[in-house]
Amino acid sequence: MTDSILIRLASATLLAALVTATQATTPADLQAAYSALPATPAVPDRGQQLFTNRHGREWSCSSCHGAVPTHPGKHASTGKPIAPLAPAFNPERFTDAAKTEKWFRRNCNDVMGRECSPAEKADVISWLRTLK
Amino acid sequence: MNRHRWIPRTLWVLFALLGASHAVRAGDDQRGPSVALLPKYKQECAACHMAFPPGMLPADSWARLTSDLPHHYATDASLDAATVSELATWLSANAGTYKRVREAPPEDRITKSAWFIRKHDEVPADVWKRPAVKSAANCAACHTQADQGNFNEHTVRIPR
């Protein structure tokens with residue numbers, strides 16, 4: 001078994017524990033959990049790049065959430081308003097591990113055509129936490 | 001000066017009758033839609049778009065939609081299995097069964113249903129493209145009480 005598979009297994013277990021055991025969490029806890037998996041600290045700048053750039057597809061995260069998600073966004077196809085994503089501007093964000101996982105799964109698929117890695121999720125949350 | 005003096009009385013009666021029958025038809029719009037929405041349906045589906053009244057699509061359409069949420073009109077709307085099953089059951093039980101909704105519309109889109117197209121045939125093409133409207137699925141852009149299941153045309157306000 002390679003190291004990467006071991007890390008993946010460990011990360012899956014850790015997240016599963018986080019998702020099932022405690023639904024209520026904090027942005028800092030979620031970032032820490034995601035960072036612990038690849039054992040690399042989160043990099044806010046990298047999170048911002050991932051968030052604002054397009055990844056070979058029609059949408060970036062910003063298409064719906066706005067370039068700096070401290071304000072309400074708007075769904076790119078339906079026009080439905082989306083509450084701010086930065087936790088300082090919307091205290092509900094990243095306080096529910098299952099909800100966070102659900103939206104990362106769907107939206108990374110839409111934007112990148114694949115799921116985001118734990119490191120990428122940690123980067124994005126770390127950048128969002130710098131927005132005050 | 002009264003510009004309408006020349007209109008015979010019978011015509012006025014006819015107008016009144018037309019108006020009355022029109023009002024009844026407009027009132028019909030509330031019959032299907034006004035089902036109380038399952039909280040989970042509102043929570044999950046209305047995160048991205050309006051919580052469309054379940055009576056606006058037949059059960060066949062809802063079954064197809066709920067069975068392929070990871071490919072939901074070019075977006076990933078996937079949900080955990082328990083939630084999907086809860087939504088599918090409720091949508092099936094509350095799906096449209098009356099005449100105009102009996103047949104599944106193309107692509108299972110409410111906006112491609114014959115009744116939808118007919119009811120909106122007087123809306124000019126450019127209205128749909130206005131930034132405040134954006135999509136024919138954005139009912140609430142013009143139907144000011146759409147979130148309460150009221151699509152009566154008297155509540156329509158088309159944004160500039």
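Predicted model: local features only at pLDDT ≥ 70, side-chain atom pairs only at ≥ 80, totals over all residues.
**Stop one: a loop in chain B.** Select B:Glu107, which sits in the loop between helix 4 (81–94) and helix 5 (114–119) of chain B. B:Glu107 has 10 C-beta neighbours inside 10 Å, so this residue counts as exposed. Check its backbone too: phi is positive, about 60°, although B:Glu107 is not a glycine.

Now select B:Asp108, found in the loop between helix 4 and helix 5 of chain B. Phi of B:Asp108 is positive as well, near 55°, and this residue is not a glycine either. Because B:Asp108 has 17 C-beta neighbours inside 10 Å, it counts as partly exposed.

**Stop two: the core in chain A.** Next, select A:Leu30, A:Tyr34, A:Phe51, A:Ala122, A:Val124, A:Ile125 and A:Leu128. Among the 20 residues of the largest nonpolar core, these touch the most other members. Helix 2 (27–36), helix 3 (44–52), helix 5 (97–112) and helix 6 (118–130) of chain A each bring at least two residues to this core. Helix 6 of chain A gives the most, with six residues.

Zoom in on A:Leu30. Leaving aside residues up to four places away in sequence, A:Leu30 touches A:Thr25, A:Phe94, A:Ala97, A:Thr100 and A:Ile125.

**Last stop: where the chains meet.** Show both chains together. Chain B puts 10 residues into the contact, and chain A puts in nine. On the chain B side, three residues are nonpolar, five polar and two charged.

Definitions and conventions
Residues numbered from 1 in each chain as written. Chains lettered and ligands numbered in written order. Contact = placed C-beta atoms within 7 Å. Nonpolar A, V, L, I, M, F, W, Y, C, P; charged D, E, K, R; others polar. Helix = DSSP H or I, 4+ residues; strand = E, 2+ residues; numbered from the N terminus. Buried ≥ 20, exposed ≤ 12 C-beta atoms within 10 Å, placed from the backbone. Core = buried A, V, L, I, M, F, W, Y, C linked by C-beta atoms within 7 Å.
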